[in-house]
Every structure is written in structure tokens, then in C-alpha cells.
Amino acid sequence: MTATLQSASAEREPVLRLRGISKNFGAVSALTDIELDVNPGEVVALVGDNGAGKSTLVKVLAGVHQPSAGSIEFCGKPVSLDNPAKALELGIATVFQDLALCENLDVVANLFLGHELTPWALDEVAMEVRAWTLLRELAARIPSVREPVASLSGGQRQTVAIARSLLLDPKVIMLDEPTAALGVAQTAEVLNLIERVRERGLGVIIISHNMEDVRAVADRIVVLRLGRNNGVFLPDSSSQELVSAITGATDNSVSRRLERKAGHAHDNNGGAP
Amino acid sequence: MNQNPSGTPQPTLDRSDERVRHDDSLAAMAKGFFLRVRSGDLGMLPVAVGLVVISVVFSTLNPVFLAPNNLVNLLFDCATVGVIALGIVCVLVLGEIDLSVGSMSGLASAIVGVLWVNTGWPVAGAILAALLSGVCVGLLYAALYNRLGMPSFVATLAGLLALLGMQLYILGPSGSINLPYASSLVRFGQIQIMPDWLSHTLVLLPGLIMVGKGIRTRRQRLAANLSAQPMRALILKAAVLTIALEIAVFYLNLGRGVPWMFALFVGLAVVLNYALTRTKWGRSMFAVGGNKEAARRSGINVRRIYTSAFVLCSTLAALGGVLSASRLASSSQQAGAGDVNLNAIAAAVIGGTSLFGGRGSAYSALLGIIVIQAISNGLTLLNLSSSLRYMITGGVLAIAVIVDSLARRSRVSHGRA
């Protein structure tokens, strides 16, 4: 399936194309010359160590930070993402790591925040129905959509945040550590959800530290290291390759352990042709 | 989607999770209310308790306190500071403050006096100029906040002095301008009373609207396979509200009746309540007050929201100043001085608008100002010196803020932020 999707998307132009993106915070360069393409119907995983610049890159694409240099093309047209509203308008939805929810508002209000139906006489019934339908589609276990978000657990808040990003039918959706706070069932659900989103032809950018999750859903794995591109991998590339690209070292305890494991597997299969 | 051919009862969309308790019966609703109060969601409770205590204390000390005509006077006084408190609600919802509303109202009353009486402008033009000055001051505060990042506390504290200075400057050496008694503006602030039949008819409206809207919402919700409020509860609430209002109006009509000025204030409160609860703007206000960054990331123009709140606050303060000029039939150096500022802020807080942002309602200004004015009116009836009155009002404000802080702490620990 991955292969057909990739060949299909290869004919189309990338929905998002980043060239030479840099971002400095004072003397620190968080991002340097980042190149990134996202095709429609493709899941791109951004991986990297802490401080590799993944979240900064997401914030640049979400319009929270402005890049110091470089160009962003969206659907073939150069764009500047001056503020979050602009990014949303274009169709770049983001689920932030620090969940951007208003704790004093209820779930419905949070889902529709900034995009309420009928601005002069809010249609609460329609919004509540839409909220329940959306949460049902995500198989989300939210007990009540009329309680303030403050009363929800971390996982439930994550679900609300993801549901909100899908509400506007975006073209690209970015998920910053979507499974970090989730239980086993919810993680599987979110990964399923990501595949469903991909099947709908959306470009997906997912950031995760969990290599299993990444390999399960990603079509391409882009490694960042110290704010620079450090290689693009396919999900079937070995963990060793990924880890060394992420850490920048070919020899450390993680890679040695992987090597031992691989060696064991090799020994066990030694007799087979 | 609500079609259910098999005929078996199917849980509605919002009732399919068994973890949620649903308060359908009246007893369950009472229990739900009790639990909400315990978790720090006090709502209008402090006001209700406050009003009962005040009525009992002051009417035992001086029976005149509860006389119909005294209550009518009370309502006249409520309208002026109450309109200012409506503006304060707007900035408090954002977690900001405007300390200059007293000076702003004083400046507005001075502008009306100077332009209308001294310069001979038509009264409508003078009022419009006063309101425009409020808009300008609000825009200035918004610019200081949005562009320069100046805390509203400091910006409006500076404004308090600057506007007071401007008020003294335009009033000139005489320091006081009397407004003509026969004019419609002064009559509006001192004597104009609704006819009995009109006030009785008007107070039927809230109950009727409540039932009408309730039935419509109920039908929509049931059609969309959502649970709806039981009819019983709806009609009971509307009936209690209507009876309470009719009794209040009947009692006031034993005296002079319901002042038009108070009706104007209530009308503004209703409009603001609608804007805060039923429009996108209101939703954005609470979002910005609750989590500014989340609001920004969901595409709300945060700066525009701050601007709207500061402008609304200063403009309503100016309108309050115009009303107080008409109430006192003068524009003087004393207008807007003293406790006007704190009374307006205290009214909003006592009514249940949080100083910490993200919580509040337009009706908190309406109910809070009645509490504040009742205290001030009662103390005046007791002939207490202003020194004691300031101390007592200060104590009440402190108690209101303490209740707000404790309720907030309780809400946080009960997951209701």
C-alpha cells in the first residue's frame, strides 16, 4: 500500500516544500538550512534528539515562529506564515506538544475555538452534534463535551487537540509528540487515525521519540540533528542506521545493543538459506 | 440519525458514557448545584447571601432602608456605577484591569457639561463627544498594551491621574457646572419612571423568552439525538423568575416605580450578556482570558480582542459618567472621584467575575452593583461619616476578593479551573 501511495504522490507536486529554512533565537541557531517536502497522502516522521529543532520547525510551519531565512511553498505557491491564523487558513493544522487548549472552556468550545459556526448567534446544538460525531470517528472516550477541559485527563486532552486539528479539513496536519501522553489503546487509535488521515490524501508530519510508532505509520523518516537535516530514511531501514543518524555517533550503547541483537538473530538464522 | 426503527431506547449522543452523572430530577439538580458550589463554582450565591444579610442588617437598624421609594433611589444610583461595572466585566474576563474608569466617567461628565451648557452644543452632540472620548482613551490603552506590552494595571493607573487632570482642566477655575433641571437629560437621571403597566409587562419577557428559547433548543437537541433539559425544570425556573420579578416590580410601584435609567442599564447588561455568551466575540474573550497562547494558536486575533475590551470598558465608563452627570444635575470636580473606581470593580467581582480572567458574566455587574449600592445606601441612612463608610466598603471588597481567590483555588483542585 505504501508503495502505491508513494508512486501516486510522486506524480503530484509536494503540498509543502521547505527550502533553506533557518531560525535563530539570539545567538543560538535552532534550525539551519532545513529542506523538507511533504506530499499529499504521505506521512513524514520528523525524528531527532532533544533540541534537534523538531518543535521549532513545527512552530515555524504553524506560524507561531517566523523563520530567519528560507522559503516555504504551499501547494506550489510561495507563502509566508506570519501568524497562526494564516497557517490555519491555508490548511496547515497543528497539534502542539504543549496542548493549546483553554481549560476554562468546555470541549465543544475548544474544538470550535476561532471557527465557531454562525458567529453572531452561536449554534450550540450543531456544534455539539459535530463534536460528538468527530469524537466518535476517533473512537474517543470523552465522557462529556460540556465539562471544562480542566476536568479531562492528559490523554483525553490529546484527543480533543487532535480532533480540533481535523475540524477544518486541513491539507497538512502536524502532530508534535501525539502519543507521548497516551495509553496503549489510545496510541493504537491515534496511529490508526493517522493512517485514516493519510488515506484521505492529507500530508501528515509526525514528531515522535517512539521509533516503533514512527516505523508503524511513516512513509519517510526525516532525521534532524542539531538543527540540520541529517538524512532521510525509509521505514524499513534498520534501527541502527536511524539511531546513528539521530545521535550522530555510530558507536554508543544503543547501537551496540542493536548490533548484538542483530548478531544473535543472524546466528539463529545461520542455517537457513 | 435519531431514527430508531427497533423502538428500543437508545442512549442519546451525549448520554452514552456511563461515567457521567446526569441531573434530571429536581432533587438531582439540587444536589448538582450543591456539588458545584462545593467545588468552587459559586455563581450568584455570594450575591444572594450578601443581599439577604444586607437587607436584614440595615432594615433592623433603619426600617426606611426597605421602603419602596428608598429602593427606587437605590436603583437610580445603581445605574450610573453599574454601567461602568459592565465595562469592568469585559476587561476582567481577559484578566486585565482598568483602574481609570472613575476618572474616565468624571471626564465624560465634564465634557457634557462644558460642551452643552458652556459652549451651547446640542445635548446629543455633547453626549456623543463624551462617548467618543471614551473610545479614544480605550484605543490608547489598547495600543499601550498591544504595541508596547505595558501592563494594563500601570497604563490605567497613569490614565487615572491624566484623565483626572484633564477633567479639572476643562472644567476650568469654576470647577462645577450645573445642568438645567428642566432638560430631558436631567429628568432622565432624576425623575423619569416607567408606567406601571409597562414595567409589569416588561418583566414578563425574561420568563417568556426563557421558555420560548428553551422549547426551541429542546426541540433542536432532541432532533439531533442529544439529551435535553426536562420541560418541568424549564417551566419551574421561568415561573420562579417571573414571580420574583413581578413581586419586585409590584413593590417598587408602591413607591415611584422602575426608573428608565435602571431599565437602560438592565438593557445594556442583557446585550452584553448575549454578546459574551452567544457570539464568537464573547467566546474569544473567554478563550483569551483563559489561555492567551491557546487562543492565539487557534487563530483568534488576540490584539483585536484586547482592543475591543479596552474600548468597550472606557466607552461604558464614559456613558456611566454621562448618566451620573444627569443623576446629579451637575458636572463637577467631584464627579468620578472617590470610590467610583473601586465600587465598579468591586461590583463585578462580588457578582462573580474573577479577577484572574476567563470567568465572568454581564449579570455579575448587575447583581454586584445592587449589593454595593445597598451597602452604601444603608450606611448613608445610618448617617455614618464617610470615614467609616470607606472602611466598611473597603472591608466588603476585601471579602469579595478573598471569596474569589478561595473559590478559584477550590476550582483548580476540583478540575474546573
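Modeller: In this predicted model, two strands are said to pair if DSSP finds at least two bridges between them. By that criterion, chain A holds an open sheet of 4 strands in the order 2-1-4-5, with antiparallel pairing.

Biologist: How do you know that strand 1 and strand 4 of chain A pair?

Modeller: The criterion asks for at least two bridges, and 5 bridges join strand 1 (residues 16–25) of chain A to strand 4 (residues 69–74) of chain A. The two strands therefore count as paired, and they run antiparallel. Within this pairing, A:L18 has A:I72 as its bridge partner, and A:L16 stands opposite A:F74.

Biologist: What makes strand 4 and strand 5 of chain A a pair?

Modeller: They are joined by 3 bridges and run antiparallel; the requirement is at least two, so they too are a pair. A:F74 of strand 4 has A:K77 of strand 5 (residues 77–79) as its bridge partner. The hairpin of these strands has 2 residues between them, and A:C75 takes a positive phi near 55° there.

Biologist: Why are strand 2 and strand 5 of chain A called edge strands?

Modeller: Each pairs on one side only, which is why strand 2 (28–38) and strand 5 of chain A carry that name. From one strand to the next, the twist of the sheet averages 30°.

Biologist: Which helix of chain A lies across strand 1 and strand 2?

Modeller: Helix 2 (residues 54–61) of chain A does, and it runs at about 65° to strand 2 of chain A.

Biologist: How are the two helices set against each other?

Modeller: Helix 15 (residues 340–350) and helix 17 (residues 386–413) of chain B pack at an angle of about 35°, with their axes 9 Å apart. Their crossing is left-handed.

Biologist: Which parts of chain B does the domain assignment give?

Modeller: The assignment gives domain 1 (43–192 + 261–413) and domain 2 (193–258). Their centres, taken over C-alpha atoms, are 27 Å apart. The contact takes 8 residues from domain 1 of chain B and 9 residues from domain 2 of chain B. On the side of domain 1, helix 3 (68–93) and helix 11 (260–278) each give two or more residues, and helix 3 gives the most, with 4 residues. That side divides into 6 nonpolar, 2 polar and no charged residues.

Biologist: How many residues does each chain bring to the contact of chain B with chain A?

Modeller: Chain B brings 32 residues and chain A brings 29 residues. Helix 9 (204–223), helix 12 (280–290) and helix 13 (292–297) of chain B each supply at least two residues of the side of chain B. By class, that side has 10 nonpolar, 10 polar and 12 charged residues.

Methods:
Residues numbered from 1 in each chain as written. Chains lettered and ligands numbered in written order. Predicted model: local features only at pLDDT ≥ 70, side-chain atom pairs only at ≥ 80, totals over all residues. Domains from an automatic or database assignment. Contact = placed C-beta atoms within 7 Å. Nonpolar A, V, L, I, M, F, W, Y, C, P; charged D, E, K, R; others polar. Axes fitted to C-alpha atoms, helices over the stretch in contact; angles between N-to-C directions. Left-handed = near helix turned anticlockwise from the far one by under 90°.
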